Amino acid sequence: MIRKTLYIFVLCLFGCKNIEYYSHYKLNNNPKKLTIVNYDIKYNSDSTYSKTKSGVSYYEFDSKGRMKNDYEINPTKENKNIYKYDDKGNLIEVSNYNSDSVLALSFKSYYDRKNRIFKKEVIYPNSKKITEYEYDGKNKTFIKEYNSDSLLTDITESILNKKGEIIESIYMNNEGETRSKRKFNYDNYGNQIKSSLYRKDNTLKDYSLFFYDKYNNRIRVQNFYIRNNDTIKSGDTIIERKYDKYKNAIEVKMKSKDGKYFSLKEYLISY
């Protein structure tokens with residue numbers, strides 16, 4: 001039987017142009033619940049470290065393996081998200097509630113007859129922002145972003161390869177003038193392995209390299225920037241994962257180029 005793979009939905013899907021930077025993570029075997037415990041890391045003088053719980057996130061999934069709701073608790077905020085889908089299984093709405101159970105904002109997506117998103121809305125109590133999607137029928141997608149006054153602010157032109165992967169995004173102002181562009185490279189499994197940012201004069205500004213383990217989960221991110229034709233490494237993050245028998249990560253630790261951990265997450269999964 002083909003194993004069903006579940007992708008965790010995050011609110012960034014409604015607003016971010018790029019793939020979420022570090023959390024390239026998938027869940028197998030159709031879990032019912034997931035609890036993610038976040039810890040802050042503090043190093044001692046003898047190079048050992050202690051961990052302090054900084055927040056907990058709870059996720060629940062429906063019978064079809066889709067995100068049903070999630071709840072986050074940390075020292076500075078509490079919030080809950082409720083997810084809704086249409087008859088085709090498309091995510092159409094995420095409602096975000098604050099610690100007083102008051103609707104703080106909602107995210108809505110609208111689909112065309114070809115099951116493609118043509119509009120997204122971020123709705124606040126007194127305003128909303130709209131993002132529109134246009135398709136040329138070949139290999140280009142145009143994204144237009146409007147502010148709360150319904151004024152066009154940004155345009156993104158994305159070029160896709162035959163697999164439907166974005167290989168280049170051109171970021172423009174409201175008049176169509178290029179601000180910058182980003183190119184993407186992938187491996188044979190569809191994992192993004194390189195992201196390169198170019199200035200409006202087409203000179204390379206910086207780039208990132210991504211590495212994956214045998215389960216196609218991200219295990220390393222290297223960042224570089226260009227200065228006076230020299231390539232300088234600005235970051236190197238190692239992501240260590242421990243897996244359960246279903247090949248789901250149950251612990252994720254991140255450490256920087258100095259070899260010290262700066263993030264620890266525990267994944268408690270109920271099947």
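**Entry 1: the whole chain**

I kept in mind from the start that this is a predicted model. I began with the secondary structure and found 20 strands and zero helices in the chain. Next I looked up the radius of gyration, which is 20 Å. The globule rule gives 18 Å for 271 residues, and the value for this chain is close to that, so the chain is as compact as a globular protein of that length. Along the principal axes, the C-alpha atoms fill a box of roughly 55 × 50 × 45 Å.

How much of the chain is buried? I noted 39% of the 271 residues as buried.

**Entry 2: charges**

I looked up the charges too: there are 51 positive and 36 negative ones in the chain. Their mean positions lie 4 Å apart.

**Entry 3: Thr35**

Thr35 belongs to strand β3, which covers residues 33-43. Is Thr35 buried or exposed? Its relative accessible area is 16%, and the cut-off for buried is under 20%, so Thr35 counts as buried.

Which residues does Thr35 touch, leaving aside its neighbours within four places in sequence? I listed Val56, Ser57 and Tyr58, along with Glu266, Tyr267 and Leu268.

**Entry 4: the partners of β3**

With those contacts in hand, I turned to strand pairing. Strand β4 (residues 49-61) runs antiparallel to β3, and 11 bridges join the two. As an example, I noted that Lys33 has Glu60 as its bridge partner in β4. β3 and β4 form a hairpin with five residues between the strands, and there Ser47 takes a positive phi near 75°.

What joins β3 to strand β20? I found seven bridges, again in an antiparallel arrangement, with β20 covering residues 261-270. Here Asn38 stands opposite Lys265.

**Entry 5: putting it together**

Val56, Ser57 and Tyr58 touch Thr35 and fall within residues 49-61 of β4. Glu266, Tyr267 and Leu268 also touch Thr35, and they fall within residues 261-270 of β20.

Key: Residues numbered from 1 in each chain as written. Predicted model: local features only at pLDDT ≥ 70, side-chain atom pairs only at ≥ 80, totals over all residues. Heavy atoms only, no water. Helix = DSSP H or I, 4+ residues; strand = E, 2+ residues; numbered from the N terminus. Rg over C-alpha atoms; globule rule 2.2 N^0.38 Å. Buried < 20%, exposed > 50% of the residue type's maximum accessible area, 1.4 Å probe, protein only. Lys, Arg positive; Asp, Glu negative; His and termini not counted. Charge placed at Lys NZ, Arg CZ, Asp CG, Glu CD. Contact = heavy atoms within 4.5 Å. Pairing = 2+ DSSP bridges.
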